[in-house]
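Here is a short briefing on one protein model. Keep the sequence and the 3D view side by side as you read.

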Amino acid sequence: MTRPLNIVLVEPEIPQNTGNIARTCACTGARLHLVEPMGFRLTQKNLARAGCDYWDEVDIVRWPCAEAFFEAHAADELHLFTGQACRGFGDVAYGEGSFLVFGRESRGLPLGLIEAHANRCVRIPMREGLRSLNLSNAVAVAAYEALRQQGWPGLG
């Protein structure tokens, strides 16, 4: 059995983005890791507002803080997505069970994490002067590149 792709959201702020990402995870078989604190509570009301009827189809792992997540997965294949990286996300290989790590919508990943994992940082190319892609779009772009490289495991 193959190990699933892992999508990690560090301190997500917008329930609609998290809902869209959960839908991507459901459709691809990826596991979703949610790292606290989040800018919203995972209540039925917020889930409904996010328009996500896919929550039951997603393997969700919750973490109390970034330190707990990174300590537990220090030896795993991590790819941190940040506009501050020099290496493009298409220039790395994504192995089975890899972790794609994304920061909050307003600020991205904390600088301390970027510095601590500089050799694991990648970026999605975009035009100069623009801040960033929407988080759910960035996750989809990255997830599908990783799954393409792996030969679309479990997808038809």
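Glu 145 is buried, because its relative accessible area is 14% and the cut-off for buried is under 20%. The model is a predicted one.

**Helix H5**

- Glu 145 has a salt-bridge partner: its side chain meets that of Arg 148, at 2.8 Å from N to O.
- Both residues sit in helix H5, three residues apart, which means about one helical turn separates them.
- Arg 148 counts as partly exposed, because its relative accessibility is 44%.
- H5 covers residues 135-149.
- The buried residues of H5 include Leu 135, Val 139, Ala 142, Glu 145 and Leu 147.
- What do these buried residues pack against? Their neighbours are strand S1 (6-10), helix H1 (15-28), strand S4 (78-81) and strand S5 (99-102).
- Just after H5 comes Gly 151, with a positive phi of about 80°.

**A nonpolar patch on the surface**

- Four residues form a nonpolar surface patch: Met 126, Leu 130, Leu 133 and Val 141.
- Together they have about 320 Å² of accessible area.
- Met 126 belongs to the loop between strand S6 (121-122) and H5.
- With a relative accessible area of 33%, Met 126 is partly exposed.

**The sheet**

- Six strands make an open sheet with parallel pairing, in the order S3-S2-S1-S5-S4-S6.
- Strand S3 (60-63) and S6 stand at the edges. Each has a single partner strand, so one side of each lacks a neighbour in the sheet.
- Strands of a sheet pair through backbone hydrogen bonds.
- S1 and S5 run parallel and are joined by four bridges. Val 8 has Val 101 in S5 as its bridge partner, and Leu 9 has Phe 102.
- S4 and S5 also pair in the parallel sense, over three bridges. Here Leu 78 stands opposite Phe 99 in S5.
- Is S5 covered on one face or both? Both faces are covered: Phe 99 and Val 101 are buried on one side, Leu 100 and Phe 102 on the other.

**Val 10, a residue of S1**

- Val 10 lies in strand S1. It is buried, with a relative accessible area of 3%.
- Beyond its neighbours up to four places away in sequence, Val 10 touches several residues, among them Val 35, Ala 66, Val 101, Phe 102 and Leu 109.
- The C-alpha atoms of Val 10 and Thr 82 are separated by 12 Å, while the two residues are 72 residues apart along the chain.

**Helix H1**

- H1 has 14 residues and reaches 20 Å from its first C-alpha to its last. That is close to the 20 Å expected at 1.5 Å a residue.
- Why is H1 described as largely enclosed by the rest of the structure? Ten of its 14 residues are buried.
- The buried residues include Pro 15, Thr 18, Ile 21, Ala 22 and Cys 25.
- Thr 18 has 0% relative accessibility, so it counts as buried.
- Leaving aside neighbours within four places in sequence, Thr 18 is in contact with Leu 9, Pro 12, Leu 34, Phe 40 and Trp 55.
- Just after H1, Gly 29 takes a positive phi of about 80°.

**Salt bridges**

- Side chains of opposite charge can pair when their charged atoms come close.
- How many salt bridges does the structure hold? There are five.
- One of the salt bridges joins the side chains of Asp 59 and Arg 31, at 2.7 Å from N to O.
- This pair links distant parts of the chain, 28 residues apart. Asp 59 is in the loop between helix H2 (44-49) and S3, and Arg 31 is in strand S2 (residues 31-35).
- Asp 59 is partly exposed at 40% relative accessibility. Arg 31 is partly exposed too, with a relative accessible area of 24%.
- Arg 62 forms a salt bridge with Glu 36, and their closest N and O atoms are 2.5 Å apart.
- Arg 62 lies in strand S3 and Glu 36 in the loop between S2 and H2, so the pair ties together parts 26 residues apart in sequence.
- Arg 62 is partly exposed, with a relative accessible area of 47%.

Key:
Residues numbered from 1 in each chain as written. Predicted model: local features only at pLDDT ≥ 70, side-chain atom pairs only at ≥ 80, totals over all residues. Heavy atoms only, no water. Helix = DSSP H or I, 4+ residues; strand = E, 2+ residues; numbered from the N terminus. Expected span 1.5 Å × (residues − 1). Buried < 20%, exposed > 50% of the residue type's maximum accessible area, 1.4 Å probe, protein only. Contact = heavy atoms within 4.5 Å. Patch = residues over 30% accessible without salt bridge, like charges linked within 9 Å, V, L, I, M, F, W, Y side chains within 5 Å. Areas by Shrake-Rupley, 256 points an atom, 1.4 Å probe, with all protein chains shown as cover. Pairing = 2+ DSSP bridges.
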